[in-house]
Amino acid sequence: MAYPAQGAVEYGRRHYPLIVIMHCLFFLSLIIEYTIAGNGDYSVVLMILYFVLIGCKAWIILSLGKYWNTRIYRAPSFPVVKKGPYNYIRHPNYVVVIGEIALIPLIFHLYYTAIIFSILNGIVLYIRIKEENRALGY
């Protein structure tokens with residue numbers, strides 16, 4: 001991980017609390033909606049798709065190695081990672097996050113959580129990706 005002592009600059013510090021709050025509310029919403037409407041039924045197909053996403057996330061984290069972080073740090077002396085899924089997609093982790101936010105509630109037929117948090121996630125990722133692109137010089 002790049003630290004300020006190594007010349008790294010943090011980007012997106014202002015919006016980071018929004019990401020944390022949104023994810024906390026997402027899990028709270030899952031619990032509340034499941035408690036109110038959950039019947040114990042789940043989709044095996046969507047669960048398998050979710051496990052595929054977990055595999056993709058592992059590939060992303062392994063590709064980033066020591067540079068993986070939930071925050072946006074950029075140090076001019078460190079290269080932009082362009083291996084693994086980063087060969088094909090500029091922001092593969094956000095593709096996985098979009099899938100996770102939609103799939104986790106859909107596995108359990110929690111449609112309100114899936115819709116509301118997919119929209120909120122889209123808004124947060126719009127802000128996040130703009131900031132990350134700025135950090136990476138795209």
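Trainee: Let's start with Lys-57: what does its relative accessibility count as?

Mentor: Lys-57 counts as partly exposed, at 22% relative accessibility. Buried means under 20% relative accessible area, exposed over 50%, and partly exposed in between, with a 1.4 Å probe and protein chains only. Keep in mind that this is a predicted model, where local features need pLDDT of at least 70, side-chain atom pairs count only at pLDDT 80 or more, and totals for chains, interfaces and linings use all residues. Residues are numbered from 1 along each chain as its sequence is written, and side-chain values use heavy atoms, with hydrogens and water left out.

Trainee: OK, and what's the mean pLDDT of the protein?

Mentor: The mean is 93, and 96% of the residues reach 70 or more. pLDDT is the predictor's confidence in each residue, from 0 to 100. Helices (H or I, at least four residues) and strands (E, at least two) are DSSP runs, numbered from the N terminus.

Trainee: Back to Lys-57. Which side chain does it meet in a salt bridge?

Mentor: That of Glu-100, at 3.2 Å, N to O. The pair links distant parts of the chain, with Glu-100 in helix H3 and Lys-57 in helix H2, 43 residues apart. A salt bridge here is a side-chain nitrogen of Lys or Arg within 4 Å of a carboxyl oxygen of Asp or Glu.

Trainee: Is Glu-100 buried or exposed?

Mentor: Glu-100 is buried, because its relative accessible area is 13%.

Trainee: How many salt bridges does a search of the whole structure find?

Mentor: Four. One of them joins Glu-10 and Arg-71 at 2.9 Å, N to O. Glu-10 sits in strand E1 (residues 9-11) and Arg-71 in the loop between helix H2 (44-64) and E2, 61 residues apart. Glu-10 also meets Arg-13, at 2.9 Å, N to O.

Trainee: And how is the accessibility of Arg-13 classed?

Mentor: Arg-13 is exposed, at 58% relative accessible area, whereas Glu-10 is buried, at 18%.

Trainee: Switching topic: which residues make up the largest nonpolar core?

Mentor: There are 10: Ile-19, Met-22, Phe-26, Leu-30, Val-97, Ile-101, Ile-104, Leu-110, Phe-117 and Val-124. H1, H3 and H4 are the elements that give two or more residues to this core, and H1 gives the most, with four. A nonpolar core is a set of buried Ala, Val, Leu, Ile, Met, Phe, Trp, Tyr and Cys residues joined through side-chain atoms within 4.5 Å.

Trainee: What is Leu-30 in contact with, leaving aside neighbours within four places in sequence?

Mentor: Ile-104, Pro-105, Leu-110 and Thr-113, where contact means heavy atoms within 4.5 Å.

Trainee: Where is Leu-18 found?

Mentor: In helix H1 (residues 16-37). Leu-18 counts as partly exposed, because its relative accessibility is 47%.
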